Amino acid sequence: MSRHAAALCVATAAVFVAMTALEFLYFRSLSGGLPSLDMRLAGFTPDEGMAWLTALGRRGGEIILVWHYLTFDLLFPALLSLTLVSLILATGRQLRNFRAMPATLQALFAIVLVLPYTLADYAQNFAVARLLSDFQSANPDSLAFASALTVTKFALLAVPFAVIAVFYLAGQRRSAEGGEQS
């Protein structure tokens with residue numbers, strides 16, 4: 001899987017660019033300029049969530065539900081997760097101790113680091129999609145829950161990124177010191 005890291009990075013970046021373009025070029029116009037709940041790294045208050053849902057209205061909510069949650073955001077968490085696993089394996093294999101571990105243990109290590117993000121992202125997507133598809137379910141508790149999942153998703157996403165950065169920097173340091181080469 002680590003051999004496909006570059007291709008996965010390109011595919012993930014392409015989907016991310018498409019999602020971001022939709023957000024800024026279309027979805028924000030539907031909500032009167034308010035950012036989507038997915039874009040709020042620090043979460044949102046129930047009032048902010050309700051303001052976004054209200055500004056969208058039924059038609060805007062249906063458009064975002066179809067063009068974001070039932071298309072791109074069904075694919076993106078899985079694609080990003082595969083990319084992160086691949087990058088953990090690729091950067092980890094630059095290090096002697098990681099490379100010495102059995103391939104199954106390397107893969108398990110990478111999956112354990114990435115899976116919590118994946119589950120949180122899909123849970124958050126489901127929570128927001130439910131709010132969009134059933135405005136009646138939007139109450140302070142459901143909005144606070146969706147916000148907590150948003151914050152959790154981004155916090156858990158930082159873990160594999162940090163591990164990849166540490167592995168990459170350790171590999172670069174070893175190379176600079178004349179240590180092992182890939």
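Trainee: Which helices each supply at least two residues of the lining of the largest pocket?

Mentor: In this predicted model, they are H1, helix H2 (46–92), helix H4 (103–133) and helix H5 (140–176). The pocket has a volume of about 360 Å³. Of its 20 lining residues, the closest to the centre are Phe16, Met19, Asp38, Phe76 and Phe154.

Trainee: How does the lining of the largest pocket divide into nonpolar, polar and charged residues?

Mentor: Twelve of the lining residues are nonpolar, three are polar and five are charged.

Trainee: What is the secondary structure of the protein?

Mentor: The protein has five helices and zero strands, and along the sequence the pattern reads α-α-α-α-α. Its C-alpha atoms fill a box of roughly 60 × 30 × 25 Å along the principal axes.

Trainee: Why is Lys153 called buried?

Mentor: A residue is buried when its relative accessible area is under 20%. Lys153 stands at 5% relative accessibility, and therefore counts as buried. Of the 182 residues of the protein, 41% count as buried.

Trainee: Is Asp121 buried or exposed, and how do you know?

Mentor: Asp121 has a relative accessible area of 3%, so Asp121 is buried, the limit being under 20%.

Trainee: What makes the contact between Asp121 and Lys153 a salt bridge?

Mentor: The criterion is a side-chain nitrogen of Lys or Arg within 4 Å of a carboxyl oxygen of Asp or Glu. The closest N and O atoms of Asp121 and Lys153 are 3.8 Å apart, so the pair qualifies as a salt bridge. This pair links distant parts of the chain, with Asp121 in helix H4 and Lys153 in helix H5, 32 residues apart.

Trainee: Which residue in the loop between H1 and H2 is also paired with Lys153?

Mentor: Asp38 forms a salt bridge with Lys153, with the closest N and O atoms 3.8 Å apart. Here Asp38 lies in the loop between H1 and H2 and Lys153 in helix H5, 115 residues apart. Asp38 is buried, as is Lys153.

Trainee: What joins Asp38, Asp121 and Lys153 into one network?

Mentor: Salt bridges that share partners join these residues, Asp38, Asp121 and Lys153. The structure holds four salt bridges, including one between the side chains of Arg28 and Glu23 at 2.7 Å, N to O.

Trainee: Why is Leu25 called exposed?

Mentor: Exposed means over 50% relative accessible area. Leu25 has 71%, and is therefore exposed.

How values were computed: Residues numbered from 1 in each chain as written. Predicted model: local features only at pLDDT ≥ 70, side-chain atom pairs only at ≥ 80, totals over all residues. Heavy atoms only, no water. Buried < 20%, exposed > 50% of the residue type's maximum accessible area, 1.4 Å probe, protein only. 1 Å grid on protein atoms, 1.4 Å probe; cavity = no way out; pocket = protein on both sides within 12 Å on 5 of 7 lines; lining within 4 Å. Points joined across faces, edges and corners; volume = space filled by probe spheres on them. Helix = DSSP H or I, 4+ residues; strand = E, 2+ residues; numbered from the N terminus. Nonpolar A, V, L, I, M, F, W, Y, C, P; charged D, E, K, R; others polar.
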